[in-house]
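Dear colleague,

I am handing over the structure below, together with an account of what was found in it. Please read the text alongside the coordinates.

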Amino acid sequence: MKLTNQTAIVTGASRGIGKAIALTLAREGCNIAGVARNEASADSVAEEVRALGVKFTGYGVDISSSSAVNECVDRVQREFGGIDILINNAGITRDTLLMKMSDEDWTTVLQTNLNGAFNWTRAVTRPMMKARKGKIINVSSVIGLHGNAGQANYAAAKAGLIGFSKSVARELAARNITCNVICPGFIQTDMTSALAEELRQKLQDQIPLKRLGTADDVAALSLFLSGSGSDYITGQIFTVDGGLFI
Ligand SMILES: NC(=O)c1ccc[n+]([C@@H]2O[C@H](COP(=O)([O-])OP(=O)(O)OC[C@H]3O[C@@H](n4cnc5c(N)ncnc54)[C@H](OP(=O)(O)O)[C@@H]3O)[C@@H](O)[C@H]2O)c1
C-alpha cells in the first residue's frame, strides 16, 4: 500500500469527487479526516471508508470560515497525530450571466472556492513545515483555465486557485512540500446533475473520449499526486477532461 499510516484531510468528502478521493486514498492505507458542511454529511462516508481498515473522522466545517478551519486543523493534529496530505476539493457553483450576478453570487463562490483553499493551506503550513514534508492538492477546473459564459464567479475563483497554488509551490518547496492542481473537465457528480440532457449529449459529443468523466477518474490522479511517485513534481496543473481542451 502506498500511503500506509499517512493522514489526509479531504474537503468535500461527503459526495462526488471528494468521496472518491477519500475512498481511493483509504484503499492505499491512508487515514482520512473528511470535511463537509456539517458533521452528519461528513460522517455519511464513515462506514465505507472505515471498512477499508483505516481511521476516519468526519468534521463539519464551513471552509469559508478561517477560525473554523484553524480549529479543525488543530483537532486533526491531536486526533490523528499529523497531517501528510491536504486535498482542497470542496467547491460550489452559483451560475448566472454576469449582468444578473448578485454580490452574493460572487462573494459566496469566491469565499468558498478560493478563500476556503487559502484557509486550509495556511492552517496546514506550520505542521507540514515542521514535518519537512507535505502534499497539497487543489481541485480547480478547466473553467479556471478557459472561462465559461455564466460562470464568471466560478472561473475567477478557480483561476485564482491556480495562481495561489503556483505561489504556494514556490514558497514551500524548500521544506519538501509540494502543491499541485487538478483541473477536472465535466465529471458526473451532483454538481453536473442539473445539466439538461440535451446539453449533456452535446458536451459528450465534443469530448474526444466520448463520455463525461467519473469521480474515480479524478481520484486516480489525486492518488498519484499524494504518493511518493510525484515527489519531484510541484506547481503543476493537470487536466482530467477526456481531451476536451486538447
Ligand atoms: N463535477 C464536475 O464536473 C467538476 C468539474 C470541475 C471541477 N470540479 C470541482 O471539483 C470539486 C468537487 O466537485 P463535485 O462535483 O464532487 O461537487 P459536489 O458533488 O457538489 O460536492 C461538493 C462537496 O463540497 C462540500 N462543500 C461545499 N461547500 C462547502 C463549505 N462551505 N464547507 C464545507 N464543505 C463544503 C459539500 O459538502 P456537503 O455534502 O456538506 O454539502 C460536498 O462534499 C469542486 O471544487 C468543483 O468545483 C467539479
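In this predicted model, helix H5, which spans residues 103-131, lies across strand E1 (7-11), strand E2 (31-36), strand E4 (85-88), strand E5 (134-139) and E6, and its direction makes an angle of about 175° with that of E4. The strands that H5 lies across, namely E1, E2, E4, E5 and E6, belong to an open sheet of seven strands, whose order is E3-E2-E1-E4-E5-E6-E7 and whose pairing is parallel. At the edges of the sheet stand strand E3 (56-60) and strand E7 (237-240), each of which pairs on one side only. From one strand to the next, the twist averages 20°.

Helix H4 (residues 66-80) packs with H5 at an angle of about 35°, the two axes being 9 Å apart, and the crossing in which H4 passes H5 is right-handed. On the H4 side the contact is made by Ser66, Val69, Asn70, Cys72, Val73 and Gln77, while H5 contributes Asn119, Trp120, Arg122, Ala123, Val124 and Pro127. Sorted by class, the residues in this contact of H4 with H5 are seven nonpolar, four polar and one charged.

Which helix supplies the largest share of the lining of the largest cavity? That share, four residues, comes from H5, and helix H7 (152-172), like H5, supplies at least two residues of the lining. By class, the lining of the largest cavity has six nonpolar, five polar and one charged residues.

Turning to open space, the second largest pocket holds about 220 Å³, and its lining is made up of 14 residues, among which Gln6, Lys133, Lys135, Ser226 and Asp231 lie nearest the centre of the pocket. The lining of this second largest pocket divides by class into two nonpolar, seven polar and five charged residues.

With kind regards

Notes: Residues are numbered from 1 along each chain as its sequence is written. This is a predicted model: local features need pLDDT of at least 70, side-chain atom pairs count only at pLDDT 80 or more; totals for chains, interfaces and linings use all residues. Side-chain values use heavy atoms; hydrogens and water are left out. On a 1 Å grid over the protein atoms alone, a cavity is a set of points where a 1.4 Å probe fits but cannot get out, and a pocket is an open set with protein on both sides within 12 Å along at least five of seven lines; lining residues have an atom within 4 Å of a point. Grid points are joined across faces, edges and corners, and a volume is the space filled by probe spheres set on the points. Ala, Val, Leu, Ile, Met, Phe, Trp, Tyr, Cys and Pro count as nonpolar, Asp, Glu, Lys and Arg as charged, and the others, Gly among them, as polar. Two strands pair if DSSP finds at least two bridges between them. Axes are lines fitted to C-alpha atoms, for helices over the stretch in contact, and angles run from 0 to 180 degrees between N-to-C directions. Contact means heavy atoms within 4.5 Å. A crossing is left-handed if the near helix is turned anticlockwise from the far one by less than a right angle, and right-handed if clockwise.
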